[in-house]
Amino acid sequence: MNRFEGPGAREARIRYLDGDFQVLTPGAFVRCAVTGEAIPLEELKYWSVARQEPYMNAEVSLQRELELNPPVRQH
């Protein structure tokens, strides 16, 4: 059993803000919008306020931005 299994381990609902986030529904983790991997709330550092989605790490965040906003790649 991993730390995201069991009765108390459920996915949180989060509102992503600039530099912070607000927990709307308590939980132990959120899922990366790109990879689907569980991210423990205490390790959550990357998200998009505009898209309201979390990312596993900086590389995944950049990948998503380039995928959804191709003009960024040209700069």
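Which side chains does a polar contact of 3.2 Å join? The side chains are those of Arg64 and Glu67, where a polar contact is a pair of N or O atoms within 3.5 Å, and within protein one must be able to donate a hydrogen and the other to accept it, while residues adjacent in sequence count only if both atoms are side-chain atoms. This is a predicted model, in which local features need pLDDT of at least 70 and side-chain atom pairs count only at pLDDT 80 or more, whereas totals for chains, interfaces and linings use all residues. Residues are numbered from 1 along each chain as its sequence is written, and side-chain values use heavy atoms, with hydrogens and water left out.

**Helix α1**
- Arg64 is found in helix α1, and it is buried, with a relative accessible area of 16% (buried means under 20%, exposed over 50%, and partly exposed in between, using a 1.4 Å probe and protein chains only).
- Beyond its neighbours within four places in sequence, Arg64 is in contact with residues including Ala33, Glu53 and Tyr55, contact meaning heavy atoms within 4.5 Å.
- Asn57 caps the N-terminal end of α1, with a side-chain oxygen 3.1 Å from the backbone nitrogen of Glu59.

**Strand β2**
- Leu24 lies in strand β2, which covers residues 20–25 (helices, H or I, of at least four residues and strands, E, of at least two are DSSP runs, numbered from the N terminus).
- Leu24 is partly exposed, with a relative accessible area of 43%.
- Although Leu24 and Ile14 are 10 residues apart in sequence, they are 5.3 Å apart in space, C-alpha to C-alpha.
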